[in-house]
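Have the viewer open as you read.

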Amino acid sequence: MSTTPPAIGFSGVGQVFRTASGALEALRGVDMTIGRHEFVAVLGPSGCGKSTLLRLTSGLIRPTSGTVSVFGLPVAEPRDDIGIVFQKPTLLPWANVEDNVVFPVRHKTGRGTAEDRANARVIIEKVGLAGFEARLPAELSGGMQQRVGIARALFMNPDILLMDEPFSALDALTREEMGFELLRIWEAQPKTVMFITHSISEAVLLADRVLVMSERPGHIVENLVIDLPRPRGIETSNQKAMHDYVGHLRGLLLKRAA
Amino acid sequence: MTMSDTSAVSSSSAPPEAAMPGRSWSQWFVRTPGLLPAATFVAIVLVWEASCRLFEIPSFVLPAPSRILGGFDAVSTSRWFEHVWATLRVALIGYFLSIAISLPIAIILARSEILSRAVYPILVVVQSTPVVAIAPIIIVALGSGDTPRIVITCLITFFPLVVSTTTGLMATPPELIELSRSLRAPVIREITQIRLPFAIPYIFSALKISVTLAVIGAVVAEFVAADKGLGYFIQFSTSMFQVQQAWAGLIVLVLLSLVLFQIVAAVQRIWFPWSLPTERE
(Lines give C-alpha, C1' and ligand atoms only; values in the text may rest on other atoms or scores of the structure.)
Protein backbone atom coordinates (compact mmCIF):
# COMPACT_ATOMS: atom_id res chain seq x y z
CA MET A 1 0.00 0.00 0.00
CA SER A 2 2.72 2.48 0.91
CA THR A 3 4.78 1.34 -2.07
CA THR A 4 3.20 3.88 -4.47
CA PRO A 5 5.33 7.03 -4.25
CA PRO A 6 3.65 10.31 -3.30
CA ALA A 7 2.80 12.78 -6.06
CA ILE A 8 5.14 15.37 -4.58
CA GLY A 9 7.93 14.73 -2.08
CA PHE A 10 10.34 17.18 -0.43
CA SER A 11 13.12 15.81 1.74
CA GLY A 12 15.55 18.08 3.52
CA VAL A 13 15.09 20.79 0.89
CA GLY A 14 17.02 24.01 1.33
CA GLN A 15 17.08 26.92 -1.07
CA VAL A 16 19.58 29.77 -1.09
CA PHE A 17 19.28 32.54 -3.65
CA ARG A 18 22.28 34.61 -4.58
CA THR A 19 21.20 38.23 -4.82
CA ALA A 20 23.02 41.52 -5.32
CA SER A 21 22.87 42.16 -1.58
CA GLY A 22 24.23 38.72 -0.62
CA ALA A 23 22.85 35.24 -0.08
CA LEU A 24 19.18 34.88 0.74
CA GLU A 25 18.10 31.70 2.47
CA ALA A 26 14.52 31.10 1.36
CA LEU A 27 13.98 27.53 2.59
CA ARG A 28 15.69 25.38 5.21
CA GLY A 29 15.00 21.71 5.83
CA VAL A 30 11.62 21.38 4.18
CA ASP A 31 10.18 17.87 4.55
CA MET A 32 6.72 17.08 3.25
CA THR A 33 4.75 14.85 0.93
CA ILE A 34 1.58 15.40 -1.02
CA GLY A 35 -0.38 12.28 -1.92
CA ARG A 36 -1.91 11.47 -5.26
CA HIS A 37 -5.12 13.46 -5.85
CA GLU A 38 -4.67 15.25 -2.56
CA PHE A 39 -5.57 18.95 -2.29
CA VAL A 40 -2.97 20.61 -0.08
CA ALA A 41 -2.92 24.29 0.81
CA VAL A 42 0.34 25.97 1.81
CA LEU A 43 -0.14 28.86 4.21
CA GLY A 44 2.39 31.29 5.56
CA PRO A 45 3.48 34.90 5.97
CA SER A 46 4.47 36.78 2.85
CA GLY A 47 8.06 36.28 1.73
CA CYS A 48 8.36 32.92 3.50
CA GLY A 49 9.21 31.00 0.35
CA LYS A 50 5.77 29.59 -0.48
CA SER A 51 6.22 30.36 -4.16
CA THR A 52 9.69 28.81 -4.02
CA LEU A 53 8.08 25.49 -3.07
CA LEU A 54 5.93 25.76 -6.16
CA ARG A 55 8.77 26.66 -8.48
CA LEU A 56 10.89 23.82 -7.10
CA THR A 57 8.05 21.36 -7.76
CA SER A 58 7.57 22.65 -11.29
CA GLY A 59 11.26 22.14 -12.03
CA LEU A 60 11.83 25.79 -12.91
CA ILE A 61 14.55 25.93 -10.24
CA ARG A 62 16.69 23.27 -8.60
CA PRO A 63 17.07 23.03 -4.79
CA THR A 64 20.37 24.09 -3.22
CA SER A 65 20.23 21.04 -0.94
CA GLY A 66 17.94 18.04 -0.46
CA THR A 67 15.71 16.50 -3.11
CA VAL A 68 12.37 17.32 -4.67
CA SER A 69 10.64 14.40 -6.31
CA VAL A 70 7.50 14.02 -8.35
CA PHE A 71 5.92 10.55 -8.51
CA GLY A 72 9.06 9.17 -6.90
CA LEU A 73 11.52 10.62 -9.40
CA PRO A 74 13.82 13.56 -8.60
CA VAL A 75 12.81 16.68 -10.52
CA ALA A 76 15.56 17.54 -13.00
CA GLU A 77 13.66 19.71 -15.46
CA PRO A 78 10.10 20.96 -16.06
CA ARG A 79 7.62 18.16 -16.65
CA ASP A 80 4.66 17.92 -19.00
CA ASP A 81 2.30 16.58 -16.34
CA ILE A 82 2.33 19.77 -14.24
CA GLY A 83 0.06 22.75 -14.84
CA ILE A 84 0.66 26.15 -13.23
CA VAL A 85 -1.84 28.87 -12.36
CA PHE A 86 -0.25 32.19 -11.47
CA GLN A 87 -1.37 34.92 -9.11
CA LYS A 88 -2.24 37.14 -12.05
CA PRO A 89 -3.95 35.50 -15.05
CA THR A 90 -1.11 36.76 -17.37
CA LEU A 91 -2.97 35.99 -20.58
CA LEU A 92 -1.85 37.01 -24.05
CA PRO A 93 -3.72 40.30 -24.62
CA TRP A 94 -3.82 39.84 -28.42
CA ALA A 95 -5.26 36.30 -28.32
CA ASN A 96 -8.89 35.40 -27.67
CA VAL A 97 -9.97 33.01 -24.92
CA GLU A 98 -9.70 29.88 -27.07
CA ASP A 99 -6.25 30.83 -28.41
CA ASN A 100 -5.07 31.54 -24.88
CA VAL A 101 -6.18 28.10 -23.72
CA VAL A 102 -4.58 26.36 -26.74
CA PHE A 103 -1.42 28.44 -26.27
CA PRO A 104 0.60 25.83 -24.28
CA VAL A 105 0.46 23.27 -27.09
CA ARG A 106 1.07 25.88 -29.80
CA HIS A 107 4.01 27.19 -27.81
CA LYS A 108 5.48 23.77 -27.10
CA THR A 109 5.03 22.14 -30.50
CA GLY A 110 4.60 25.13 -32.81
CA ARG A 111 1.14 24.13 -33.95
CA GLY A 112 -2.35 23.51 -32.63
CA THR A 113 -4.59 20.93 -34.29
CA ALA A 114 -8.37 20.99 -34.74
CA GLU A 115 -8.49 18.36 -32.02
CA ASP A 116 -6.62 20.68 -29.66
CA ARG A 117 -9.20 23.39 -30.35
CA ALA A 118 -12.04 20.97 -29.66
CA ASN A 119 -10.37 20.00 -26.36
CA ALA A 120 -9.92 23.65 -25.49
CA ARG A 121 -13.62 24.32 -26.02
CA VAL A 122 -14.52 21.45 -23.68
CA ILE A 123 -12.26 22.89 -20.97
CA ILE A 124 -13.56 26.42 -21.56
CA GLU A 125 -17.06 25.09 -20.95
CA LYS A 126 -15.85 23.27 -17.85
CA VAL A 127 -14.55 26.50 -16.29
CA GLY A 128 -17.86 28.21 -17.08
CA LEU A 129 -16.81 30.36 -20.03
CA ALA A 130 -18.89 28.77 -22.81
CA GLY A 131 -19.82 31.47 -25.32
CA PHE A 132 -16.76 33.57 -24.51
CA GLU A 133 -14.31 31.65 -26.74
CA ALA A 134 -13.81 34.54 -29.17
CA ARG A 135 -13.49 37.30 -26.55
CA LEU A 136 -10.23 39.09 -25.84
CA PRO A 137 -8.88 39.13 -22.25
CA ALA A 138 -9.48 42.89 -21.99
CA GLU A 139 -13.20 42.24 -22.47
CA LEU A 140 -13.37 39.89 -19.46
CA SER A 141 -13.63 40.58 -15.73
CA GLY A 142 -10.75 39.65 -13.41
CA GLY A 143 -12.54 36.49 -12.30
CA MET A 144 -13.21 35.40 -15.86
CA GLN A 145 -9.60 36.08 -16.82
CA GLN A 146 -8.43 33.82 -14.02
CA ARG A 147 -10.87 31.14 -15.24
CA VAL A 148 -9.02 31.32 -18.56
CA GLY A 149 -5.74 31.00 -16.62
CA ILE A 150 -7.08 27.84 -14.96
CA ALA A 151 -8.36 26.48 -18.28
CA ARG A 152 -4.90 27.06 -19.77
CA ALA A 153 -3.30 25.11 -16.90
CA LEU A 154 -5.81 22.27 -17.29
CA PHE A 155 -5.43 22.13 -21.08
CA MET A 156 -2.46 19.75 -21.12
CA ASN A 157 -4.45 17.54 -18.68
CA PRO A 158 -1.77 17.63 -15.97
CA ASP A 159 -1.70 15.20 -13.04
CA ILE A 160 -0.48 17.98 -10.77
CA LEU A 161 -1.89 21.48 -10.55
CA LEU A 162 0.29 24.13 -8.91
CA MET A 163 -1.56 27.28 -7.93
CA ASP A 164 0.25 30.37 -6.68
CA GLU A 165 -2.28 32.52 -4.80
CA PRO A 166 -4.58 32.24 -7.82
CA PHE A 167 -7.53 34.16 -6.36
CA SER A 168 -5.71 36.83 -4.35
CA ALA A 169 -6.31 39.54 -6.96
CA LEU A 170 -10.09 38.97 -6.95
CA ASP A 171 -12.76 40.61 -4.80
CA ALA A 172 -14.00 38.62 -1.78
CA LEU A 173 -17.22 37.32 -3.35
CA THR A 174 -15.66 36.29 -6.66
CA ARG A 175 -12.83 34.71 -4.71
CA GLU A 176 -15.17 32.44 -2.76
CA GLU A 177 -17.14 31.56 -5.87
CA MET A 178 -13.93 30.67 -7.74
CA GLY A 179 -12.83 28.47 -4.84
CA PHE A 180 -16.01 26.37 -5.04
CA GLU A 181 -15.72 26.31 -8.83
CA LEU A 182 -12.19 24.93 -8.47
CA LEU A 183 -13.42 22.23 -6.04
CA ARG A 184 -16.15 21.25 -8.50
CA ILE A 185 -13.59 20.85 -11.30
CA TRP A 186 -11.20 18.99 -9.00
CA GLU A 187 -13.91 16.60 -7.76
CA ALA A 188 -15.05 15.83 -11.31
CA GLN A 189 -11.48 15.14 -12.42
CA PRO A 190 -9.25 14.50 -9.42
CA LYS A 191 -5.74 15.92 -9.54
CA THR A 192 -2.98 16.57 -7.07
CA VAL A 193 -3.23 20.23 -6.11
CA MET A 194 -0.65 22.39 -4.34
CA PHE A 195 -2.47 25.59 -3.51
CA ILE A 196 -0.43 28.52 -2.20
CA THR A 197 -2.45 31.10 -0.31
CA HIS A 198 -2.24 33.59 2.53
CA SER A 199 -5.95 33.37 3.30
CA ILE A 200 -6.55 31.07 6.28
CA SER A 201 -10.25 30.54 5.57
CA GLU A 202 -9.58 29.83 1.89
CA ALA A 203 -6.99 27.21 2.85
CA VAL A 204 -9.34 25.46 5.29
CA LEU A 205 -12.36 25.67 2.99
CA LEU A 206 -10.62 24.11 -0.01
CA ALA A 207 -7.90 21.76 1.20
CA ASP A 208 -7.63 18.21 2.54
CA ARG A 209 -4.59 19.31 4.47
CA VAL A 210 -2.99 22.64 5.34
CA LEU A 211 0.76 23.07 5.63
CA VAL A 212 1.89 26.13 7.55
CA MET A 213 5.27 27.64 6.79
CA SER A 214 7.46 29.69 9.06
CA GLU A 215 8.92 33.05 8.17
CA ARG A 216 12.25 33.01 6.28
CA PRO A 217 14.10 30.67 6.09
CA GLY A 218 10.85 28.80 5.50
CA HIS A 219 10.12 25.34 6.82
CA ILE A 220 6.92 23.47 7.63
CA VAL A 221 5.75 24.17 11.19
CA GLU A 222 2.27 22.66 11.06
CA ASN A 223 0.58 19.86 9.16
CA LEU A 224 -3.15 20.10 9.77
CA VAL A 225 -5.60 17.59 8.27
CA ILE A 226 -8.91 19.29 7.51
CA ASP A 227 -11.58 16.72 8.23
CA LEU A 228 -14.58 18.45 6.72
CA PRO A 229 -17.10 16.55 4.56
CA ARG A 230 -17.06 16.92 0.79
CA PRO A 231 -18.48 18.22 -1.43
CA ARG A 232 -17.92 21.52 0.32
CA GLY A 233 -19.97 24.61 -0.30
CA ILE A 234 -21.27 27.75 1.34
CA GLU A 235 -22.74 25.71 4.22
CA THR A 236 -19.23 24.42 5.00
CA SER A 237 -18.12 27.91 6.00
CA ASN A 238 -20.86 27.98 8.64
CA GLN A 239 -19.79 24.75 10.37
CA LYS A 240 -18.27 24.96 13.81
CA ALA A 241 -15.40 22.64 12.86
CA MET A 242 -14.41 25.07 10.10
CA HIS A 243 -14.22 27.90 12.65
CA ASP A 244 -12.15 25.73 14.98
CA TYR A 245 -9.60 25.02 12.22
CA VAL A 246 -9.44 28.67 11.21
CA GLY A 247 -9.08 29.72 14.85
CA HIS A 248 -6.29 27.24 15.45
CA LEU A 249 -4.34 28.34 12.36
CA ARG A 250 -4.85 32.03 13.08
CA GLY A 251 -3.58 31.54 16.64
CA LEU A 252 -0.56 29.70 15.32
CA LEU A 253 0.31 32.37 12.73
CA LEU A 254 -0.27 35.25 15.15
CA LYS A 255 1.87 33.60 17.84
CA ARG A 256 4.69 33.14 15.34
CA ALA A 257 4.38 36.71 14.11
CA ALA A 258 4.54 38.09 17.67
CA MET B 1 -32.96 64.23 6.28
CA THR B 2 -32.99 61.85 3.37
CA MET B 3 -35.71 63.83 1.63
CA SER B 4 -33.85 67.11 1.75
CA ASP B 5 -30.67 65.40 0.53
CA THR B 6 -32.45 64.04 -2.52
CA SER B 7 -34.04 67.36 -3.42
CA ALA B 8 -30.73 69.16 -3.05
CA VAL B 9 -29.08 66.75 -5.44
CA SER B 10 -31.81 66.94 -8.06
CA SER B 11 -32.04 70.73 -7.97
CA SER B 12 -28.32 71.13 -8.43
CA SER B 13 -28.04 68.64 -11.29
CA ALA B 14 -31.10 69.62 -13.35
CA PRO B 15 -30.59 73.26 -14.47
CA PRO B 16 -27.45 73.08 -16.64
CA GLU B 17 -29.24 70.96 -19.27
CA ALA B 18 -32.59 72.73 -19.20
CA ALA B 19 -32.01 76.40 -18.51
CA MET B 20 -28.85 77.23 -20.46
CA PRO B 21 -29.19 76.45 -24.16
CA GLY B 22 -26.10 78.54 -25.01
CA ARG B 23 -23.95 76.14 -23.04
CA SER B 24 -24.72 73.18 -25.31
CA TRP B 25 -23.28 74.97 -28.39
CA SER B 26 -19.97 75.70 -26.68
CA GLN B 27 -19.88 72.16 -25.32
CA TRP B 28 -20.46 70.78 -28.80
CA PHE B 29 -17.61 72.98 -30.01
CA VAL B 30 -15.23 71.80 -27.29
CA ARG B 31 -16.17 68.11 -27.56
CA THR B 32 -16.16 67.66 -31.34
CA PRO B 33 -12.74 66.13 -32.04
CA GLY B 34 -10.41 68.27 -34.09
CA LEU B 35 -12.56 71.39 -34.01
CA LEU B 36 -10.68 73.13 -31.22
CA PRO B 37 -7.18 72.76 -32.70
CA ALA B 38 -8.55 73.64 -36.17
CA ALA B 39 -10.05 76.85 -34.82
CA THR B 40 -6.79 77.69 -33.04
CA PHE B 41 -4.89 77.12 -36.27
CA VAL B 42 -7.22 79.37 -38.30
CA ALA B 43 -6.89 82.07 -35.63
CA ILE B 44 -3.08 81.93 -35.74
CA VAL B 45 -3.08 82.19 -39.56
CA LEU B 46 -5.44 85.18 -39.45
CA VAL B 47 -3.34 87.00 -36.81
CA TRP B 48 -0.22 86.19 -38.83
CA GLU B 49 -1.71 87.60 -42.04
CA ALA B 50 -3.05 90.70 -40.28
CA SER B 51 0.28 91.41 -38.51
CA CYS B 52 2.27 91.10 -41.73
CA ARG B 53 0.00 93.62 -43.48
CA LEU B 54 -0.44 95.93 -40.51
CA PHE B 55 3.24 96.19 -39.53
CA GLU B 56 4.52 95.82 -43.11
CA ILE B 57 6.93 93.06 -42.18
CA PRO B 58 9.36 92.44 -45.05
CA SER B 59 8.60 89.11 -46.73
CA PHE B 60 12.16 87.81 -46.28
CA VAL B 61 11.67 88.18 -42.52
CA LEU B 62 8.20 86.65 -42.39
CA PRO B 63 6.07 86.25 -45.50
CA ALA B 64 2.32 86.52 -45.01
CA PRO B 65 0.33 83.29 -45.42
CA SER B 66 -1.15 84.63 -48.66
CA ARG B 67 2.35 85.15 -50.08
CA ILE B 68 3.40 81.65 -48.99
CA LEU B 69 0.39 80.33 -50.91
CA GLY B 70 1.84 82.14 -53.91
CA GLY B 71 5.15 80.37 -53.24
CA PHE B 72 3.50 77.06 -54.14
CA ASP B 73 2.95 78.35 -57.67
CA ALA B 74 6.61 79.20 -58.18
CA VAL B 75 7.36 75.63 -59.29
CA SER B 76 5.24 73.26 -61.35
CA THR B 77 3.24 70.42 -59.78
CA SER B 78 5.40 67.78 -61.44
CA ARG B 79 8.50 69.46 -60.00
CA TRP B 80 6.88 69.43 -56.55
CA PHE B 81 6.25 65.69 -56.88
CA GLU B 82 9.88 65.16 -57.87
CA HIS B 83 11.04 66.94 -54.71
CA VAL B 84 8.56 65.12 -52.48
CA TRP B 85 9.44 61.75 -54.00
CA ALA B 86 13.19 62.33 -53.62
CA THR B 87 12.80 63.05 -49.90
CA LEU B 88 10.14 60.40 -49.32
CA ARG B 89 12.18 57.68 -51.05
CA VAL B 90 15.27 58.26 -48.93
CA ALA B 91 13.21 58.58 -45.74
CA LEU B 92 11.30 55.35 -46.37
CA ILE B 93 14.27 53.23 -47.50
CA GLY B 94 16.28 54.47 -44.51
CA TYR B 95 13.34 53.86 -42.18
CA PHE B 96 12.70 50.28 -43.28
CA LEU B 97 16.40 49.47 -43.35
CA SER B 98 16.63 50.87 -39.83
CA ILE B 99 13.76 48.62 -38.68
CA ALA B 100 15.42 45.61 -40.29
CA ILE B 101 18.68 46.37 -38.46
CA SER B 102 17.32 47.41 -35.09
CA LEU B 103 14.93 44.51 -34.43
CA PRO B 104 17.65 41.82 -34.49
CA ILE B 105 19.97 44.07 -32.47
CA ALA B 106 17.23 44.57 -29.88
CA ILE B 107 16.60 40.82 -29.66
CA ILE B 108 20.31 40.17 -29.13
CA LEU B 109 20.60 42.92 -26.51
CA ALA B 110 17.54 41.60 -24.67
CA ARG B 111 18.88 38.04 -24.67
CA SER B 112 22.48 38.55 -23.69
CA GLU B 113 23.53 40.71 -20.80
CA ILE B 114 27.19 40.51 -21.82
CA LEU B 115 26.52 41.66 -25.38
CA SER B 116 24.19 44.31 -24.05
CA ARG B 117 26.97 45.69 -21.83
CA ALA B 118 29.41 45.52 -24.74
CA VAL B 119 27.26 47.14 -27.40
CA TYR B 120 25.08 49.58 -25.51
CA PRO B 121 27.77 52.22 -24.82
CA ILE B 122 28.63 52.23 -28.53
CA LEU B 123 24.99 52.82 -29.38
CA VAL B 124 24.92 55.74 -26.96
CA VAL B 125 28.03 57.21 -28.57
CA VAL B 126 26.46 56.89 -32.02
CA GLN B 127 23.28 58.49 -30.76
CA SER B 128 25.23 61.32 -29.10
CA THR B 129 26.92 62.22 -32.38
CA PRO B 130 24.97 65.09 -33.94
CA VAL B 131 23.70 63.82 -37.28
CA VAL B 132 24.06 67.28 -38.83
CA ALA B 133 27.77 67.23 -37.96
CA ILE B 134 28.48 63.76 -39.26
CA ALA B 135 26.40 64.11 -42.43
CA PRO B 136 29.08 65.93 -44.50
CA ILE B 137 31.66 63.33 -43.47
CA ILE B 138 29.39 60.50 -44.56
CA ILE B 139 28.64 62.22 -47.86
CA VAL B 140 32.35 62.59 -48.59
CA ALA B 141 33.02 58.99 -47.61
CA LEU B 142 30.16 57.41 -49.54
CA GLY B 143 29.95 59.78 -52.49
CA SER B 144 26.88 61.06 -54.24
CA GLY B 145 23.64 59.17 -54.76
CA ASP B 146 21.08 57.83 -52.34
CA THR B 147 23.44 55.61 -50.32
CA PRO B 148 24.93 58.27 -47.99
CA ARG B 149 21.49 59.83 -47.48
CA ILE B 150 19.99 56.47 -46.54
CA VAL B 151 22.85 55.84 -44.10
CA ILE B 152 22.24 59.23 -42.47
CA THR B 153 18.52 58.46 -42.17
CA CYS B 154 19.33 55.08 -40.59
CA LEU B 155 21.69 56.70 -38.10
CA ILE B 156 19.05 59.07 -36.82
CA THR B 157 16.17 56.56 -36.66
CA PHE B 158 17.63 53.38 -35.30
CA PHE B 159 18.49 54.36 -31.74
CA PRO B 160 14.91 54.92 -30.49
CA LEU B 161 13.90 51.69 -32.24
CA VAL B 162 16.63 49.62 -30.57
CA VAL B 163 16.11 51.08 -27.11
CA SER B 164 12.32 50.89 -27.18
CA THR B 165 12.20 47.39 -28.63
CA THR B 166 14.75 46.12 -26.09
CA THR B 167 12.70 47.64 -23.27
CA GLY B 168 9.57 46.01 -24.67
CA LEU B 169 11.23 42.60 -24.97
CA MET B 170 12.31 42.83 -21.33
CA ALA B 171 8.88 44.00 -20.15
CA THR B 172 7.18 40.65 -20.78
CA PRO B 173 5.39 39.33 -17.68
CA PRO B 174 7.85 36.95 -15.95
CA GLU B 175 5.02 34.43 -15.42
CA LEU B 176 4.73 33.89 -19.18
CA ILE B 177 8.47 33.32 -19.44
CA GLU B 178 8.15 30.77 -16.61
CA LEU B 179 5.22 29.18 -18.45
CA SER B 180 7.40 28.98 -21.56
CA ARG B 181 10.27 27.41 -19.59
CA SER B 182 7.91 24.98 -17.84
CA LEU B 183 6.75 23.84 -21.30
CA ARG B 184 10.39 23.51 -22.38
CA ALA B 185 9.52 25.46 -25.51
CA PRO B 186 12.36 26.48 -27.86
CA VAL B 187 13.80 29.95 -27.28
CA ILE B 188 12.83 31.07 -30.78
CA ARG B 189 9.15 30.60 -29.92
CA GLU B 190 9.62 32.38 -26.60
CA ILE B 191 10.73 35.35 -28.70
CA THR B 192 8.19 35.11 -31.54
CA GLN B 193 5.12 34.07 -29.56
CA ILE B 194 5.65 35.92 -26.26
CA ARG B 195 8.37 38.56 -26.17
CA LEU B 196 7.95 40.23 -29.58
CA PRO B 197 4.15 40.52 -29.41
CA PHE B 198 4.43 41.92 -25.89
CA ALA B 199 6.93 44.48 -27.22
CA ILE B 200 4.46 45.69 -29.90
CA PRO B 201 3.25 48.75 -27.94
CA TYR B 202 6.89 49.76 -27.32
CA ILE B 203 7.88 49.08 -30.92
CA PHE B 204 5.05 51.21 -32.26
CA SER B 205 5.80 54.16 -30.04
CA ALA B 206 9.35 54.05 -31.44
CA LEU B 207 8.09 53.52 -35.00
CA LYS B 208 6.01 56.70 -34.70
CA ILE B 209 8.96 58.74 -33.44
CA SER B 210 11.34 57.23 -35.97
CA VAL B 211 9.19 57.90 -39.02
CA THR B 212 9.33 61.65 -38.36
CA LEU B 213 13.04 61.37 -37.57
CA ALA B 214 13.50 59.63 -40.94
CA VAL B 215 12.17 62.73 -42.71
CA ILE B 216 14.58 64.87 -40.68
CA GLY B 217 17.44 62.55 -41.65
CA ALA B 218 16.60 62.77 -45.34
CA VAL B 219 16.37 66.58 -45.18
CA VAL B 220 19.67 66.92 -43.31
CA ALA B 221 21.34 64.83 -45.98
CA GLU B 222 19.84 67.01 -48.70
CA PHE B 223 21.14 70.13 -46.99
CA VAL B 224 24.66 68.80 -47.40
CA ALA B 225 24.53 67.53 -50.96
CA ALA B 226 21.57 67.02 -53.27
CA ASP B 227 20.02 68.31 -56.46
CA LYS B 228 16.46 67.29 -55.58
CA GLY B 229 14.22 66.92 -52.57
CA LEU B 230 12.37 69.22 -50.20
CA GLY B 231 15.44 69.94 -48.08
CA TYR B 232 17.36 70.89 -51.18
CA PHE B 233 14.41 73.03 -52.34
CA ILE B 234 14.25 74.95 -49.04
CA GLN B 235 17.98 75.61 -49.04
CA PHE B 236 17.99 76.61 -52.69
CA SER B 237 15.00 78.97 -52.16
CA THR B 238 16.57 80.73 -49.17
CA SER B 239 19.85 81.20 -51.01
CA MET B 240 17.83 83.00 -53.71
CA PHE B 241 15.95 85.01 -51.01
CA GLN B 242 12.68 83.38 -52.12
CA VAL B 243 11.57 82.99 -48.52
CA GLN B 244 7.91 82.40 -49.36
CA GLN B 245 9.03 79.43 -51.52
CA ALA B 246 11.08 78.05 -48.63
CA TRP B 247 8.01 78.35 -46.40
CA ALA B 248 5.95 76.47 -49.00
CA GLY B 249 8.57 73.71 -49.00
CA LEU B 250 8.52 73.65 -45.23
CA ILE B 251 4.75 73.24 -45.18
CA VAL B 252 4.93 70.32 -47.62
CA LEU B 253 7.61 68.77 -45.42
CA VAL B 254 5.46 69.10 -42.29
CA LEU B 255 2.48 67.58 -44.11
CA LEU B 256 4.68 64.71 -45.31
CA SER B 257 5.80 63.98 -41.73
CA LEU B 258 2.24 64.17 -40.41
CA VAL B 259 0.92 61.81 -43.08
CA LEU B 260 3.70 59.28 -42.41
CA PHE B 261 3.06 59.49 -38.66
CA GLN B 262 -0.66 58.94 -39.18
CA ILE B 263 -0.01 55.96 -41.46
CA VAL B 264 2.07 54.26 -38.76
CA ALA B 265 -0.60 55.07 -36.16
CA ALA B 266 -3.28 53.63 -38.48
CA VAL B 267 -1.29 50.42 -38.99
CA GLN B 268 -1.20 49.97 -35.23
CA ARG B 269 -4.92 50.76 -34.90
CA ILE B 270 -5.95 48.33 -37.64
CA TRP B 271 -3.63 45.37 -37.04
CA PHE B 272 -2.76 45.68 -33.36
CA PRO B 273 -5.79 47.30 -31.72
CA TRP B 274 -5.13 45.42 -28.47
CA SER B 275 -1.78 47.20 -28.11
CA LEU B 276 -3.39 50.63 -27.75
CA PRO B 277 -4.01 51.93 -24.25
CA THR B 278 -7.64 51.35 -23.31
CA GLU B 279 -9.69 54.51 -23.55
CA ARG B 280 -11.22 55.81 -20.38
CA GLU B 281 -14.05 58.23 -19.89
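Buried means under 20% relative accessible area, exposed means over 50%, and partly exposed is in between, with a 1.4 Å probe and protein chains only. This is a predicted model, where local features need pLDDT of at least 70, side-chain atom pairs count only at pLDDT 80 or more, and totals for chains, interfaces and linings use all residues. Residues are numbered from 1 along each chain as its sequence is written, chains are lettered from A and ligands numbered from 1 in the order in which they are written, and side-chain values use heavy atoms, with hydrogens and water left out.

Q: Why is B:Phe272 called partly exposed?
A: Its relative accessible area is 24%, which lies between the 20% and 50% limits, so B:Phe272 is partly exposed.

Q: What makes B:Phe204 buried?
A: B:Phe204 has a relative accessible area of 6%, and that is under 20%, so buried is the word.

Q: Why is the pair of B:Phe60 and B:Phe241 called edge-to-face?
A: Rings of Phe, Tyr and Trp (its six-membered ring) pair if their centres lie within 6.5 Å; planes under 30 degrees apart are stacked, over 60 edge-to-face, the rest tilted. Here the centres are 6.3 Å apart and the planes at 80°, so the pair is edge-to-face. B:Phe60 sits in the loop between helices H4 and H5 of chain B, and B:Phe241 in the loop between H12 and H13, 181 residues apart. Both residues are exposed.

Q: How many cavities of 30 Å³ or more does the structure hold, and what makes a space a cavity?
A: There are 3. On a 1 Å grid over the protein atoms alone, a cavity is a set of points where a 1.4 Å probe fits but cannot get out, and lining residues have an atom within 4 Å of a point. The largest has a volume of about 130 Å³, and its 13 lining residues include A:Ile82, A:Gly83, A:Met156, B:Leu179 and B:Leu183, which lie nearest its centre.

Methods:
On a 1 Å grid over the protein atoms alone, a cavity is a set of points where a 1.4 Å probe fits but cannot get out, and a pocket is an open set with protein on both sides within 12 Å along at least five of seven lines; lining residues have an atom within 4 Å of a point. Grid points are joined across faces, edges and corners, and a volume is the space filled by probe spheres set on the points. Helices (H or I, at least four residues) and strands (E, at least two) are DSSP runs, numbered from the N terminus.
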